[in-house]
Amino acid sequence: MITVFGVVAGYAAVLLANPRHFYTDDSESQYTPLWIMFGRALRSGHLPILVPEQWMTGNYSQEEAGLFNPPQLLIDLIAPSVNNLALLDTVVKLIFSIIAALGVYRVCLAYRSRAPWAAVAGIAFPLTGWFLFFDEASWVTSLTGTAWMINAWASAVRYSRGKSGPIPVFVFLYLAISVEYVFPAVESALMLIAVAVGELVYRRKWEPVARLTAVALCAGLAGLMTYLPSMLSAKVSWRGNSQINNDMFLTVPWSESLNASLPSTLPAFTSWWGYIQPLPMTYIAWFLIPVLAFVDWRKARDAWQEFTAAALFAIMFLMWAAGPGTVGPLRWPARVLPMVALGLLILVCVLVGRFGTVRGWRNRCIAAAVLILALWVRTFSADPHDVAWHLLSAVVVAALGAAAVWLGRTRGTAAAAALTIVAMFPIAYAQVWSVQPTPMSWNLPAYRSDAKAAFPHFTGTTIQLGDRGLLQPNDKSIEGAYGSLVFGNYARDLELSYVNGYTPNGHYWFGDMLCMRWDASVCPDAYRRLFTPEPTTGRTLVDLLKLDRVVLQKAMFPDVGEQPAPDGWKWADYPGHDRYIWVLEREDGLISTVNGRVADAHDVTATSLSESDTTSRVRVSSAEGGRVVFARLGWPGYRATLNGHALPITTVSKSILAVDIPAGTSNADLEVSWRPPGWKICIGTAVVGLAGLGVLQWAYLRTRRRDGDDPEAVAEREPAEVVS
């Protein structure tokens, strides 16, 4: 309970400094709107794996939506009932931060740390620099995946040592994999390697490692459905590049780890904000480095085998954080800084929890002072402009350390650990307060009802042509640009159908066709491209996409509304919104509801029979052969049949789905359907994974029954603790 209360207190300190800290950047622009959209779809009875009208962002088999993650689907179901999205985000992230902290606590106990220092590690982890300012503030899938991965670590150690069965390991690994964010999946694999090596060094037996490997493979087989469709679609997406590059962007030199215990640290490496960072990204915990002076290293050396896993884990991610900058879909190595923090916190808190001492405290205090001096020198070297602030930070750390030593000598370990925990909260407050306003916030409206009331009620399918970079600071409110313009997934908050959306995995050719970027911004030439006839069909893109409305940002197109509207279109007037947008609408009304998703039929008569997100059924006739073009993006996974016989799929402009109809076709049923590529393989591997888990659980129960009353077997499962 102390760990839980500590995490809650840490969140309270952060919220005092910035009430919107946990609702910023990707959380407000990408993830939370997806929760709203998915929740509304789930409540209506379907899972929106594909939403064709969203075009580049609508293939959710490869977005970070957690399609097959039960806790995420529960969040989706709840989300539409919450009006205050900042509150929703904060509560969700608090829950997962508690899960992560309890996981750290469990790992420390698995390595036989004392409970007070296990709690210190658990409470400290959610307040580490990168985790607090990025994963908790912005990248929620990294937060959730990390929370499940840490608990998988604890369960993996327990399973390897015969203290628990395979089911917890399987469940936590599957949940880490199925958040649909690749970093926790890869981090889980490296964690399992570290645990396996650690257990092999510690126990010198292959059988526990073999069991752990088996259950990990079962979880991987069950979770394959999360990533195989994305892998098979990569050839047409932005993430199709499998090269390894080192561009130095967000690569963190090892020397920056020496900033880990100074709260004022502003590390030096290249990111969005230049070379010296405005956020304490590499900070871990104020006590982490100085407390090493209070470890009895002689006794710790005798038990070194037990720390192999945590040390190996920290070393692997320390090396990863230093580069290369891109390994296929894995980019920005600084993203693994929470793993460096995790490994070091576990390692240090287990060492202190088992071998901490204040004997010879004077010499140890001198050693701690030298370590703090090294922290100050490194931090000053990275950011020499804030020397006074760094000096004050070093003095605070020294004073806190002295107080903790005094409490350890006079009141015992629990009192020293309590002070260590309490000191974290004002530090977290000061760190968050000192970087206000945060450089990451989009400042999207937090209250959905206010946002919907301020925005035009656009029916049908809309595309916006604009650039988020043209917004001025005063524009970022519902009284300003957010009352008229959408960027990222903001349209999902408004429950409107927009082509625009936020995607890290966009369709390369569609994005190139309209110069559309990850946040739905476009280049000024997009307007010309949208109304230019496509050569093979003679139809404009606005027709092939079956768009009902084009919204143009006035900052990008200041004079376009003074020009004649394109043929078949008119300039629509929306009073109160003319400060920010021009609006083009069709003269004859909506076309997105006419004849299904048939966008063009050349030398073919095509009549829509039925439509769903994944399937179009059309009655077609063609005497001499022709082609039907659908308002669908040509993702891998589509198949076409004519009266049950397969037809080849093609595309227009490498993007828009089309089917060639053979000559002599009369009143035939054309069906175009989409399934995530590899879905049959995924179902098969999931069945194999679950069956394998059943076998492992049966073997575990059988072993428990056989060895339950055998003291020698129990001793074999858990070696005696080293006397310290």
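Let's start with the aromatic rings: a search of the whole structure finds 36 aromatic pairs. Rings of Phe, Tyr and Trp (its six-membered ring) pair if their centres lie within 6.5 Å; planes under 30 degrees apart count as stacked, over 60 as edge-to-face and the rest as tilted. One of the pairs is F249 with W272, edge-to-face at 5.7 Å centre to centre, with 85° between the planes. F249 lies in the loop between strand 1 (244-245) and strand 2 (268-271), and W272 in the loop between strand 2 and strand 3 (274-276), so this pair ties together parts that are 23 residues apart in sequence. Strands (E, at least two residues) are DSSP runs, numbered from the N terminus.

This is a predicted model, where local features need pLDDT of at least 70 and side-chain atom pairs count only at pLDDT 80 or more, while totals for chains, interfaces and linings use all residues. Residues are numbered from 1 along each chain as its sequence is written, and side-chain values use heavy atoms, leaving out hydrogens and water.

F249 and W272 also belong to one aromatic cluster, together with W130, F134, W139, W273 and W332. Look at W139 in particular: R335 lies over its face, at 4.6 Å from the ring centre. A charge sits over a ring if NZ of Lys or CZ of Arg is within 6 Å of the ring centre and within 35 degrees of the ring normal.

Now for the cysteines. The whole structure has one disulfide, a pair of cysteine sulfur atoms within 2.5 Å. This link joins C515 to C523, with 1.9 Å from S to S, and is left-handed, with -80° about the S-S bond.

Definitions and conventions. Helix = DSSP H or I, 4+ residues; strand = E, 2+ residues; numbered from the N terminus.
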